Every structure is written in structure tokens, then in C-alpha cells.
Amino acid sequence: MKVLIVGHFNETAQSKITGYFPQDWNVIIVPPGQDMLQHIEDCQVLIPEHIQVDPSLLASAKKLKLVQTGAGYDNVDIPACTQLGIWVANAAGVNAQAVAEHVMALMLAYYKNIPFLDHFMKNRMDEHHLEYAGSELEGKTMGIIGLGAIGKKVAAFCSAFDMNVLAYARNTEAPSDGIVKMTDFDTLLSTSDIVSVHVPLTEQTKHLMNQEVFKKMKDTAIFINTARGGIVNERDLLDALKNGDISGACLDVYESEPLPIDSELRTLDNVILTPHTAGMPDGRKFHQKRYDFFIKNIKRVQNGEEPESRLNQLI
């Protein structure tokens, strides 16, 4: 079994990952570029961390049986894979705990002003002249867009902080635990103190969060995105932050990644940024639950079974 992982990994991460797979598998890790093309031809499994899986790439993949992604799959042309008899599966839910915890960390950092206070202390400023705004989470309303595994975790955590929880999701019934109140999109926007998105990036969700949407939010509200950068029109978000349409933002993902060094987002005091690390609980490049799932799914395909969390159906 030849498994090709395409992405940017340091030597320590590469060693951890390759050592975790069964010893009799040939696991190759390469960065995007020319080197990956020689391995595409004879690999049975492709794990595309930082490349687009499109018809031109698939044309070289003569033995490919499975394209296995993490939670997101917007970089894979699923119809093209289906046409070639290649399974596509994601790892839905495996990073739910990690991402939900990251959402809470961002929210607490924002309302408790942790970045500012950390900077204040490390720069040895006079504590007698400390002035800052802070706030408690109790009584605030969290608006969750998308109520999958991550959205439900976020809802449970928010409930533990005595927050009110609203959610908007297509074709999703309200959970029976009584924590979440389902509502329509506009009501969620206009009544929430925090809006957090937890939907995949698709044609329907691209630039879901735009100028019109930000103007519907409270001017005291904050926006959190740990899903995919393309869900947000970044220019519109910048305008909303600078114009006071919303109070602030906490972001882990961006329209262009890595976030450009000259991005204006890096200059705003009402923004907290992290480098697309919300889903990585065991270190930036190794997540044990994720690779456990990958190995289990590869074995399923190896045994002629359908992969778990499949995104297509082969005839």
C-alpha cells in the first residue's frame, strides 16, 4: 500500500507521521511541486493537505483508490474522482473537540483582553495606569452557523458558561438537549453577541459572510471563523471592523493561506489571529485521532469496503 501525503511538514512531523502508519505501508510525504508528480502515478491513497485534486492531477494517478482529507474537502474535485472510480472521504468530527476548544479560547482571550494584558505585563508597564475593557460570557448570546459535530460541541461549551445559544443550519433539527434554540439566519445575526461559523466551504457558502451580513450584526458583536477562509469576504470583514459595523473578530483561517505578511488584519487591535491551528490538538502537524481515522479508512478500502465518512458513491 503506497500512501502519498502532500503538504508542508518539518522533519520532526514527517518522522512522527510516517512512523505511525503500519510498517509494511510505503508512506511518502512531499511538498507540493514537481517531486509529488512521480509519486502520484503509483500511489493507492492520496492525502492532499496543500494541493488541489483536479482532473489534471488525477490524470496521472493511475492506481489511485482513495482521496482522504481532513474535515475540509473544498480542495477536491469530487465529481472528477467519482468519474474515475476513486473514493473520496473526509474525517468529519475527528477534530471537533480541538476546534471547539479553540473557539472558546479565542472568545475568552477577546473578552478577557488576554493579548493586551500579556503585552502590558511583558513590557513592564505601570499597573497603576492600567486601563482596559473586559467582559464576562455569562448571559451573552452565541450564534452558531452550522450545527455539525463542531457546532454542537461549541454549543455545549457555551451552555457550561451560562450563555444563550442560537443556531442556524440547513436541514438540521434542534437537538433534544434543550441547549440550542434554532432560528433563521437574520434573527441569529441581529441578536447574537458572538457569531461563529462552522460550515464547509462550498459554492453555497463561499462569501456567506459579506458586507450585507456584517451590517445585520450588532455593532458590539464579534465574529469567529475557525472553518474556512473562503466563507468570508475578507475585504468586507476588514471594512466592517474599521467602520464599527462589528466590534471585533477572532480568526484562524483566511482567504489566502498562509496569511500574507502585509495583510491589514495583522494591524488591527480588535482582531485576534491564529495560524490555522484550531484543529491540531497534538502539535501543529500531528493529530493522533486524525491519523487513526485515516489508517482505519485506508484499511477499509484495502479490504474492498466503502470508506467511512465517504463523500461520493461509486457504482
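Reader: Before anything else, what counts as a salt bridge here?

Author: A salt bridge is a side-chain nitrogen of Lys or Arg lying within 4 Å of a carboxyl oxygen of Asp or Glu. Bear in mind that this is a predicted model.

Reader: Fine. Which residues are linked in a network of salt bridges?

Author: Arg235, Asp239, Lys242 and Glu264 are joined that way.

Reader: And how many salt bridges does the structure hold?

Author: There are 14 salt bridges in the structure.

Reader: Take arginine 290. What does it form a salt bridge with?

Author: The partner of arginine 290 is glutamate 49, and the closest N and O atoms are 2.8 Å apart. This pair ties together distant parts of the chain, 241 residues apart. Arginine 290 sits in helix 11, residues 288–302, while glutamate 49 is in the loop between strand 3 (45–48) and helix 3 (55–58).

Reader: Is arginine 290 buried or partly exposed?

Author: Arginine 290 counts as buried, because its relative accessibility is 10% and the cut-off for buried is under 20%. Glutamate 49 has a relative accessible area of 22%, so it is partly exposed.

Reader: What about aspartate 186, which residue does it form a salt bridge with?

Author: Aspartate 186 pairs with lysine 216, with 3.1 Å between the closest N and O atoms. Here too the pair links distant parts of the chain, aspartate 186 being in helix 8 (residues 185–191) and lysine 216 in helix 9 (residues 211–216), 30 residues apart. Aspartate 186 is partly exposed at a relative accessible area of 38%, and lysine 216 is partly exposed at 32%.

Reader: One more pair. What does arginine 310 meet in a salt bridge?

Author: The side chain of arginine 310 meets that of glutamate 306, at 3.0 Å from N to O. Arginine 310 has 36% relative accessibility and counts as partly exposed. Glutamate 306, at 35%, counts as partly exposed as well.

Reader: Which phi does histidine 207 have?

Author: Histidine 207, which is not a glycine, has a positive phi of about 55 degrees. Its place is the loop between strand 9 (194–197) and helix 9. Histidine 207 is partly exposed, with a relative accessible area of 26%.

Reader: On to the backbone at proline 258. Is the peptide bond from glutamate 257 cis or trans?

Author: The bond from glutamate 257 to proline 258 is cis, with omega near 0 degrees. Most peptide bonds are trans. Proline 258 is in the loop between strand 11 (248–251) and strand 12.

Reader: Now helices. At what angle do the axes of helix 5 and helix 7 cross?

Author: They cross at roughly 45 degrees, and the axes come within 8 Å. Helix 5 covers residues 96–111 and helix 7 covers residues 149–160.

Reader: Why are helix 5 and helix 7 called oblique?

Author: Angles under 35 degrees count as roughly parallel and those from 65 to 115 as roughly perpendicular. The crossing angle is roughly 45 degrees, so helix 5 and helix 7 are oblique to each other. Their crossing is right-handed.

Reader: Surface next. Which residues form a nonpolar patch?

Author: Phe116, Leu130 and Tyr132 form one on the surface, with about 260 Å² of accessible area together. Tyrosine 132 lies in the loop between helix 6 (114–122) and strand 6 (141–145). With 44% relative accessibility, tyrosine 132 counts as partly exposed.

Reader: Where is threonine 277?

Author: Threonine 277 is in the loop between strand 12 (271–273) and helix 11. At 19% relative accessibility, threonine 277 counts as buried. Histidine 102 is 175 residues away from threonine 277 in sequence, yet their C-alpha atoms are 8.6 Å apart in space.

Reader: Last one. How far is serine 60 from isoleucine 40?

Author: Their C-alpha atoms are separated by 6.4 Å, and the two residues are 20 residues apart along the chain. Serine 60 is in the loop between helix 3 and strand 4 (66–68). Serine 60 counts as partly exposed, at 25% relative accessibility.

Definitions and conventions
Residues are numbered from 1 along each chain as its sequence is written. This is a predicted model: local features need pLDDT of at least 70, side-chain atom pairs count only at pLDDT 80 or more; totals for chains, interfaces and linings use all residues. Side-chain values use heavy atoms; hydrogens and water are left out. Patches are made of residues with over 30% relative accessible area and no salt bridge: like charges are joined within 9 Å, nonpolar side chains (Val, Leu, Ile, Met, Phe, Trp, Tyr) within 5 Å. Accessible areas come from the Shrake-Rupley method with a 1.4 Å probe; for residues, only the protein chains shown count as cover. Helices (H or I, at least four residues) and strands (E, at least two) are DSSP runs, numbered from the N terminus. Buried means under 20% relative accessible area, exposed over 50%, partly exposed in between (1.4 Å probe, protein chains only). Axes are lines fitted to C-alpha atoms, for helices over the stretch in contact, and angles run from 0 to 180 degrees between N-to-C directions. Angles under 35 degrees count as roughly parallel, over 145 as roughly antiparallel, 65 to 115 as roughly perpendicular and the rest as oblique. A crossing is left-handed if the near helix is turned anticlockwise from the far one by less than a right angle, and right-handed if clockwise.
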